[in-house]
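Subject: Structure handover

Dear colleague,

Here is the structure you were to receive.

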Amino acid sequence: PKPTSVTGDGALASSCPVVILDLDAVEDAVAVVRGLTAQGATVLACGPHVRGELLAACRNAGAVVLPRGAFLARLPELLATALAPFRPR
């Protein structure tokens, strides 16, 4: 997969198999997550730890969600898992 930067509602990300999403970067993060996961994308999302309800709602919508600090610390592991199906064997 080729990296693509997306802003706004995430519409351009609909063709991406793996999406990294900053929950503060979109208006309705839960709807964006639902839309992306409904199209089969794996969504790796992060947001501020103080927005626990938003993090939980996006997790319930199908994203892998962590507070920013934990997300950044685990990013290599998260990407390796998400991209494993796309690696040549």
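Predicted model: local features only at pLDDT ≥ 70, side-chain atom pairs only at ≥ 80, totals over all residues.

Residues are numbered from 1 along each chain as its sequence is written, and side-chain values use heavy atoms, with hydrogens and water left out.

Overall: the protein chain holds 3 helices and 3 strands, arranged along the sequence as β-α-β-α-β-α. Helices (H or I, at least four residues) and strands (E, at least two) are DSSP runs, numbered from the N terminus. The chain has 89 residues, and 34% of them are buried; buried means under 20% relative accessible area, exposed over 50%, and partly exposed in between, with a 1.4 Å probe and protein chains only. Among contacts (heavy atoms within 4.5 Å) with a separation of 6 or more, 49% join residues 24 or more positions apart.

The axes of α1 and α2 (residues 52–60) come within 9 Å and cross at roughly 15 degrees, so α1 is roughly parallel to α2. Here axes are lines fitted to C-alpha atoms, for helices over the stretch in contact, with angles from 0 to 180 degrees between N-to-C directions, and roughly parallel means under 35 degrees. From α1, the residues A29, V30 and V33 make the contact, and from α2, L54, A57 and C58.

Beyond its neighbours within four places in sequence, A61 touches V30, V33, R34 and T37. Its C-alpha atom is 5.4 Å from that of R34, 27 residues away along the chain. The C-alpha atoms of G35 and A61 are 9.1 Å apart.

Helix α3: this helix spans residues 68–83 and has a kink of about 65 degrees at R74, shortly before the proline P76. The bend at a residue is the angle between axes fitted to the seven residues ending there and the seven starting there. F71, L78 and A82 of α3 are buried, and their cover includes β1 (18–22), β2 (42–47) and β3 (64–67).

Regards

Conventions
Parallel < 35°, antiparallel > 145°, perpendicular 65-115°, else oblique.
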